[in-house]
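Okay, thanks for coming, everyone.

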Amino acid sequence: MRPIARNLHAGIAWLLVAVLVFQVWLAGRGVFESPTIFITHRDVGYMISILPVVLLVLGFLGGMGRRVAIMAAVILGLVILQSVFVAFRTSNPAMAALHPVNAFLILLVAVLLARESWGMRIAAA
């Protein structure tokens, strides 16, 4: 089970990175093309929140250690914060402006996790 979980973890970790880049693109389209695209951006954002949970479970099943679990948990926490920041858009726009900054933090940690996961997958083969 461990090799399968590690392979799945690596694939889903890189899928998360790809979806996050897609999210940035959707946000750009929302700004420069049509605000209605933000609906898709929002919906994809909610879908993203499931991926860190899956990564936590697969990391546990794959015996990938504390570092991988911590990174997946940090991503989950940052994803939850995304909705919090958006909720401040009318009452505290300066706080809401942390939404894109946080998005890049999510992407950074996701890339680090994907690289770590990929390395563990190769090392276990």
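So, Glu116 is partly exposed, at a relative accessible area of 25%; for these labels, buried means under 20% relative accessible area, exposed over 50%, and partly exposed in between, with a 1.4 Å probe and protein chains only. Before I go on: this is a predicted model, so local features need pLDDT of at least 70 and side-chain atom pairs count only at pLDDT 80 or more, while totals for chains, interfaces and linings use all residues. Residues are numbered from 1 along each chain as its sequence is written, and side-chain values use heavy atoms, with hydrogens and water left out.

Back to Glu116. What does its side chain meet in a salt bridge? That would be Arg67, at 3.0 Å, N to O. The pair ties together distant parts of the chain, 49 residues apart: Glu116 sits in helix α6 (residues 98-124) and Arg67 in helix α4 (residues 65-87). Arg67 counts as exposed, with 53% relative accessibility. By salt bridge I mean a side-chain nitrogen of Lys or Arg within 4 Å of a carboxyl oxygen of Asp or Glu. In general, side chains of opposite charge can pair when their charged atoms come close.

How many salt bridges does that rule give? Three. Another one joins Arg29 and Glu33, with 2.8 Å between the closest N and O atoms. Arg29 is partly exposed, at 26% relative accessibility. Then there's Arg42 with Asp43, a salt bridge at 3.0 Å, N to O.

Let's zoom out for a second. The protein chain has six helices and zero strands, and from the N terminus on the elements simply run α-α-α-α-α-α. Those are DSSP runs numbered from the N terminus, H or I with at least four residues for helices, E with at least two for strands. The C-alpha trace spans about 50 × 25 × 20 Å along its principal axes, and 34% of the 125 residues count as buried.

Now, helix α2. It covers residues 37-48, so 12 residues, and reaches 17 Å from first C-alpha to last, close to the 16 Å expected; that expected span is 1.5 Å times one less than the number of residues. Which residues of α2 are buried? Ile37, His41, Val44 and Ile48. They lie on the same side of α2, because they cover an arc of only 70° around the axis, counting directions from the helix axis to the C-beta atoms. The general point is that an α-helix has 3.6 residues a turn, so residues three or four places apart point the same way.

Take His41 from that set: it is buried at 16% relative accessibility. Setting aside neighbours within four places in sequence, His41 is in contact with Gln23, Leu26, Ala27 and His99, where contact means heavy atoms within 4.5 Å.

Last stop, the neighbour of α2. The axes of α2 and helix α3 (residues 50-61) come within 4 Å and cross at roughly 15°, which makes α2 roughly parallel to α3. The cut-off there is angles under 35 degrees, taken between N-to-C directions of lines fitted to C-alpha atoms over the stretch in contact, on a scale from 0 to 180 degrees. Where they meet, Tyr46, Met47 and Ile48 in α2 face Ile50, Leu51 and Pro52 in α3.

Key:
Parallel < 35°, antiparallel > 145°, perpendicular 65-115°, else oblique.
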